[in-house]
Every structure is written in C-alpha cells, then in structure tokens.
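User: I would like to go through this structure with you. Could we begin with the overall picture and then turn to particular residues?

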Amino acid sequence: MNPEVLHKRMIAAMDWRKFYAERQIVIEGEPDAEGWAKVLDIENLSLVRINVKSGAWEDRDGAKGNVYEFARTRKDYSEGDPGDLEILEDLCQEAGVPTNDPEPEPSEAEPDEDPESYVADTDLRRWERRLTTPRRDYLRDLTGLTPETAKRYSIGWTPGWKRVRPSFVLPVHDPDTVCRSIRLVDDSFQSRWVMRPIYGIARPQFTPRLYGLDEMIQGKWSTVLLCDSEFERLIVMQERQRDDWGAVSLTDRAFPREWAPHFDGKDVILCPTPERTSLSCFERIVGPALHEALKAGRLKSLKIMRYEAAAGQTRPTLNRWFQCGGTWTEFQRLALLAVPFVPANALAESEQSIELKELSEIDDPKHGDRRVRVPLTISGDSDLVFDSPSAFRVDYCAEIYKGNCALCENKTFDLPPGRPEHIGMCGQSEVQKESVLRGICCPYGKRPHLQTLGKYAFREVYATTYQRRVIRGAENDQARVQRTAERTIYVRIPDGKSGPLEPRGYYATGWVRTNPRNSYRTLLVESLEPIREGFEDFRAAEYQESFDRLRALGWQGICNDLTTHRTRIQDQQEALLVVMLTYCSVLRIRFNGETIRGWVASALIGDSGTGKSTNFERIAEAAGEGEIFQCLTGKRTGLTYAVNRSEYNWRCRAGLFPQNTRKILCIEEAQDMEARDIKSMAGALDDQGVLRVETIARGHYEAMTRLVINCNPKDGRTLASYTFGCQSVADLFDAMFVRRLDLAAFLRRSDEHAKYNREDVSSDAGEAKVRPEDLRALIHFAWSREADAIYFGKETTAEVLAAAGRLAERFGWCDDIPLVCPSDVRKSIARLAAAWAVLDMSVDENLWSVTVKPEHVSLTEKLLNALYSHPDCALDRYSEQAHRSGNLEDYPAIEKELEARLNAGIAELVQGRLPLGRTLALLLTGVRAKRSELRRASGASDGGITDILAFLTSHHLIRSNRNGQFAPTPKFGRVMARISERLPELYGLIGMSQADEGLHEQP
C-alpha cells in the first residue's frame, strides 16, 4: 500500500494526543493551528514537540520523523492503549514496518506444570532489559533501591497491560528457583501480586510465600526483621551494616503457623507498616503464630517495632523512612528498643504482674507505672459510667491536606486499657477528650479532626485493703487503720457487663498510674476476679473425719472443749452459746409454710471485763472467719453506709455490715453506735436482707450478715445500776431494732473476785478435741446450706409454735423492750433451733440436709428462759410488772381516789387553777417534762407536786426516763378514756384547765 495513503489512514484512525499521553509525554500549553505542541519529556525521549494531528515529532537533536520512525527506532515504547495498539499494528503490518520484539532466545526447559502457575523466564528477561538507566534512576527516587540492588534481585519494567499501569516488576522465586509470582509497583507506589500475564490479563496470586526465606536459611542471621512489603525487605537488606541481621517479608499478608519453625533460635522483630491493614495483619495473624513459638521456647525473643513517618513524607513506609534521612544506626536503635509483642486480648506476659499484698503498696515508688495484681475490697461506686476512646484516627487535618505533613495520615492510634489518659478523660466533655487525643497524635500542637473507632467504659469506685478478718490484737491495729483508709480507683467494665459492682473482695489486675487531673497515685484496673470465700467452695465430703469427730462430741462436748482450750472463760457458757449459735446459723429456712431468714442477730450486753469480746475473738481466731468493727475507732467510717460528695455527684458506699454479707460481723462497743446505723441495720434485719440507702444518694446492698453485738450499758453505767438489767437495752437501741434481735445475753461483773484468778487447766485436759479445721468445717457447712437442706418436721413445727406461746406469755408483756415479741418470737426460735441442729451435727449420712428435732427446740426454749429470767436480765419480772401496770384491774380504786381529790378542790377546778387538774391536762397532751417544769406549769408547791407525782406513779399512770422527764403511760390514756365516760363533768373541767407557760421541752 502507498505509504502516504497508509499515513493518512493512520492519522485518521489514531488519537495521537492519547497515544503520547500513555507514554507519560505531557503537552505544555495548547497546540497551534497546525497541531504542533511543546511537550514535557518525562521519560527522557529527547522529544521537543509533537503534532497532535499527524503524529509527527521532533527531538532536541533536530531529527524529525513520523509514526514509522517512532515504531522502528523506539519499539520499547510502541505499546499504548490496546485499542490504538491494534490499529497501529494492523497499519504498520500492511506497510511492512516491524513493531514487535524479535523472537526470544531459547531458554532452559521450563517445568512441566500448568503454564499459568509460573512466570516464564523469557518475560523476566524482557522486563529486565526494559529497565533502562533512566528508569533505574527513577526506581531509586521512588523506592530508594540502588541499581546494584535492582540488578541483584532482577527487578524489571513492564510498560503495562490491560487494567495494569506501567510498573516495576519484582520476581519472587520458590525454593526451586522457579518464579511463581511477581510484584508490580507503579509510579504511585500501589502494588499488587499477579501471575504470568497471558493475553494482557493480570491473574491474582493465591499462594502466600516468605520472600527472602532462602537467604535466611543460607545465611547466619541471629536477628530477623519480618517486614510487610518486599521492597521494604530489600531496603533493609540494602542498608544493613551487620551480616548477622537480615530481613524477610510476607506475600499476600498471610502467615501459616507452619512457617514459625523457620525462625527457631532467632531474635525476631516485627516491622509492620504504620497503616491500619498492616498493623492488623501483624497483630492478629503474624504475631500470635510466632508468640506460641516464643512461649514454647523456640524463639529467643519477639518484638514489634514502631516507627513514625518522617516530616513531609506522604506515606509511612520503611523505604520512605530511609529516603527522608533515616540511617541504619538509628534504625538499629529503634529495633533494639522495640517493645515485646503481646497478642491482642491477652495479658502482658512480657511484663509479669507484680503481686502486692495490700492496696497501700501502690504508693511504693518502685511500683509506679507497673502492672500489679493486688487483693482489695470494693466498698462502693458511683452510678456514673465514663466513656474513654480505645482507638481513634485523624479524619482531617489541614496540614495533611496541604501536603506539609504526613505524620498521622492513614494511621490508627490504639489506646490500651492501661494508658493513664483514660483516667484523665473520665468525666470530661467531648471537647476536653479531643484535646487529650490531639496531644497524643500531633506533637506540633495542631487541631486535626478526629474520628473515634472504639470506646471503653470505666467506673470510679471505692476500694480498701482486703482483710479476711480484723481482731483487736496489737499486731492488727495497723491493718484496721489501712482498712478504713479508702482510695478511689478506676475499673474498666468488660464487654457485656453492666450494673454496679458487688461490695466484696477482688483480685484486681491493672496498672499503677498517676491521675493526670490531680497527680494522685491510683489504680487503673483492667480486670477484677472475685475472691472466693471458703464457704463458697466448701465440699462437705472432704471433711468426713471432722464431722465424725464433732458428731461424737455433740454440742455439749464442743462447747466444753472450746471453753477449756480456746476461750478459757469459765461460768460463761451462755455467752459462748450465743456466739456459736450465731456462727452456726444458716442463711434461710422454710418454716411453717414461709421462707424466712435463717441468719441470727444476737447481742452480748454487760459490764467491762465479762469476756464479751474474748469469746468472739478467740472463736474467730480458731476458725479463721469473722470480722470486728470497733465503734470507738471506726466511727464515721461507715458501718452500714456513707454518702460522699465526689467530683461529679453524690456517691454512696457500703460499710462493713453489707460487705460481710453471708458471713459474720462483730460490732464492738456498740453503745457508741450512731442512731443512723442502728436504723439502717434494723431495716436490713428482715427476711429480705437488703440494706437500703434512701438519702441524697441511693443504693441497695445485700446485707444477710450474721451479727454479734458487744456493748456496755449506756453512759458508763453498769447493769447493777438498773432495777431490771433488761432496761439497759432500751437505752441502747430503739424498740424496732430490739425486736429484730434473736437473743441477748446480759453479763454482770461477778462479786466473787477469786473466779478471775483461776489457774489455767487447758494443759491438764490434754489436746483439744475440736481442731481449728474442724471448727472451720462446721461453720462453712452451716454457711453453705440452702433453705431446701433445712428440714422441720410437723412435730418440730408444733413444738416451735408451742414454745413461742409459752415464751410470749412469760416475757411478751413489755412493749418497750420487745426481746420476746409475741408476733415474731416463733421465727427467732426456728432460727436458733436450726443453728442448734447444725451445732449438734443433726445431719444425714451424705452430709447434706439438717434435721431440726424437737429437742433442739427444747434446748432453745431453755436457753431463752435461762437468759431472760436470770437476775442480770430479769425480763420476766419486768414483763410481769408491765403486765400489771398496763391492765385496768385497779381502775375502781383509781377512779375513787381521783374523784375525791378533784371534788376536794372543786372551786379551784372550776376556775381552772387546781394543780392536779392542770397536771392531768398537761399529760393529756402527751408532754414530757421534768419535775420542776411540771411544778411551774401546774402552779403547785413543792409538796403538792410531790404528792401528785406519787399518786400518778403508784398507779403506773406516768413513768420517768433516763433524762428525769415524766411522761404518760399507755395506761394513763385508757384510764382517762374511762373517766370521760363515767365522770364526764369532772373530765370536762379537767379539759378546761390551763397550765402556766414554763415548759421548755415538748414531745
């Protein structure tokens, strides 16, 4: 065909602007009228201008040409867009212009495999020839690889295929030196794995490999850096200055566990690219596989290296790090300072937790910023839950947008639970939190916009030093002080958990941190593990020998042995029984068709030196169970609860009473107990066993606490100063609390002084039959019994109800001291009988159920009769007197004498000036007044008021309290009601009487 005709056809068919643009030849300005335009020769083709209409060109040497010369002399660049390329080849073929490469030279035999499973050597050689000197220079500028490195690793160049831009080619061979895959990296540094290109189609590679494995096996490397990219591996091998260091890289970001043995005996340093996908690959895939080898002892060490992008760097890659001034010395220093790798969601095995004995040890300077594990007691928390970011990234930054900085571009910042910033962000606003996060990601003080990728939830709680029990020994005084010294710590709430923390003992694992807001040392807790109490894991079958020994002794033998070898207090077996029955009480029982509380609340009231505290302390010391709250030194520290003002709101914390739920608590010197605590405990000593706080801060705490109260009479008095010893209870507690006590013992100091100076006979009695492990097993057996394990037969139930009737008839007439409340005494008897059955080892062969027998009810009744009828208590005589004083059997005599007294002064009574009338009128209002105040208000003389008070007192119409005030009794109201019916005229005159002013205290 005529070349001119062919040229015209080619000009008409080709888009020359696009043809040259594919070869990165950029036009400067607009073409002139003839189609000539100046060009920027990026690929160093020496072109000066081209004609976008005809395709003609001129170079800097003055040479000119058309498409024929271009195709013939520069065939390396004759492959453009496939559509244009096909037209060009067809036209040139008709004109006889050669456009293809010559046939390749014969190569060695290729393996007998699927041709798509490898890359032919002919392709590799052709691509290597195309890596001309200008492109090697460009490769060095792009990746930092020198021409020597490119030659050593056969890096080539391909102009590009369909859906693939012109790219650098990095061949990757298998151990048999067969090229299985190639890495294509274009000028934008975007790479992908492909198989052999067939018909211009890039096929994906699915078989992952370790690049550089053969060099690692052949070389004597003691330290191996595991990189994410092949080009990063090459830059390390190029820049390294030590032969005992080497690098390998991943393909397809995969790491099968069978690769781990290749690294045996080496120090491995993981070098992920600081981008999210690379970090995720190393933390979730690579690291855990090698971490197993580390734990098995096959690796010397395993670290993960972090490096930041250099200033002005667009992408945080290791290649660019070296290009931006990084040296091998600095890189080696960063590698040596790399932190040990820790798998995600695992404890820091590289930093073993320091075991602390108590919470106060976090103040030790050597524990600062260290991971610790410490036992503590959670005593309360706030209703508030604080959010703190767990991960974030920079969503937008003006400096990144302008290209001035790439430090945090496409980078994810993780905040592990132990970072101190979490404390600082608790309770802060979102603006304040973002300010803290900006300080983490940007060292230049810029204000980038951040995106939160995840959050943690933290709760601020009270914590104290954990103590199983506190006794009054001198060696434990310091422990009691530490117990009351509370701290504020921060606890991370695990996923799926909600609600406040139960006040109890925990093993806390976390970090000792400094609160950024106030510089106080505190604890940032990652996990809490409840401390299992002994009774929670109790298995009765493991203590068969102990139960056989206790069953043989019986309750009497157990108490005698404890008296001889433990308490060493003679003639006080009732006090020991009170303590032992409280210890052996169960949690709940089913009695007479209802489920009631089974834990016992008891009181030991008496003079000093009667062994109240000694009984409990020595039993607690032997059993290893029991805690003591000292009201003299523990006042205002929260026996039941405390309410405090925090930085954010009011908070409520639980005291020792709810903290010892399901266990036992002894309150010492309870005469100094606050009225608030008495009221709170009274509310918790019901069948629900919940202590409710309904103040400015509200809370509900389980408080099924066995209670022993030791106290002296109020105001330094003794039992001998009371006419009836039981009256001391009314001075100590209100009637609501007394009603909830199941039993009380009154201990008066003996007048026989010789009994306090007896010789110790424990050594002559032989070895103790009740060992500490036996006593502990007995107590844990009782504390671990459920309501279904306590059995009351019909005969036993009938005996309980009968005993309740007999006790109520004898002791239940005094409403002000309801130690025996007729409506509740049956429940107290059932609780004490169940505890007595445990103490007497009335259990089945399987050591599971407890059978309460009638004899246990009988023993309970005898004990209560003995305690309340004892001269130190005299509740029987007080109840009898209250019964006599409360009925109206003597009403005729009262009416007759009262009518006579009123008629004797009828004239003054009509005028409203009769002292007796005025006194009765005052008492009808329910006033409480002293003798002098009554004399002044009634207008009576000293003798007159004495006579009036004697008349009213003799008939039990008034009574005086400990403050010397007189108040009307319930009988007074009933008598005056009768008078209003039988003597209405006199009652009306009494009501008209007016008292003079002078009363200072009103009810």
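Analyst: Of the 1003 residues in the chain, 51% are buried, where buried means under 20% relative accessible area, exposed over 50% and partly exposed in between (1.4 Å probe, protein chains only). This is a predicted model, in which local features need pLDDT of at least 70, side-chain atom pairs count only at pLDDT 80 or more, and totals for chains, interfaces and linings use all residues. Residues are numbered from 1 along each chain as its sequence is written, and side-chain values use heavy atoms, with hydrogens and water left out.

User: What pLDDT does the chain average?

Analyst: The average is 79, and 79% of the residues score at least 70; pLDDT is the predictor's confidence in each residue, from 0 to 100. Residues 71–87 have a pLDDT below 50, and this stretch has 34 contacts in the model beyond near neighbours in sequence. A contact means heavy atoms within 4.5 Å. Residues 94–117 also stay under 50, with 36 contacts beyond four places in sequence.

User: How many helices and strands are there?

Analyst: The chain has 35 helices and 38 strands. These are DSSP runs (helices H or I, at least four residues; strands E, at least two), numbered from the N terminus.

User: Which residues have the most contacts inside the largest nonpolar core?

Analyst: They are Phe733, Leu839, Tyr868 and Leu875, in a core of 122 residues. Helix α26 (residues 825–839) gives the largest share of this core, 11 residues. A nonpolar core is a set of buried Ala, Val, Leu, Ile, Met, Phe, Trp, Tyr and Cys residues joined through side-chain atoms within 4.5 Å.

User: And what does Leu875 touch, not counting residues up to four places away in sequence?

Analyst: Leu875 touches Cys726, Phe811, Cys814, Ile817, Leu819, Val820 and Tyr868. There is also a second, separate core of 55 residues, which includes Leu131, Cys227, Val286 and Ala293.

User: Changing topic: is Glu668 buried or exposed?

Analyst: Glu668 is buried, with a relative accessible area of 1%. This residue is found in strand β30 (residues 664–668). The side chain of Glu668 makes a polar contact with the side chain of Ser613 at 2.6 Å. A polar contact is a pair of N or O atoms within 3.5 Å; within protein, one must be able to donate a hydrogen and the other to accept it, and residues adjacent in sequence count only if both atoms are side-chain atoms.

User: How many disulfides does the structure hold?

Analyst: The structure holds zero disulfides, a disulfide being a pair of cysteine sulfur atoms within 2.5 Å. Cys441 is buried at 4% relative accessibility, and Cys821 is buried at 13%.
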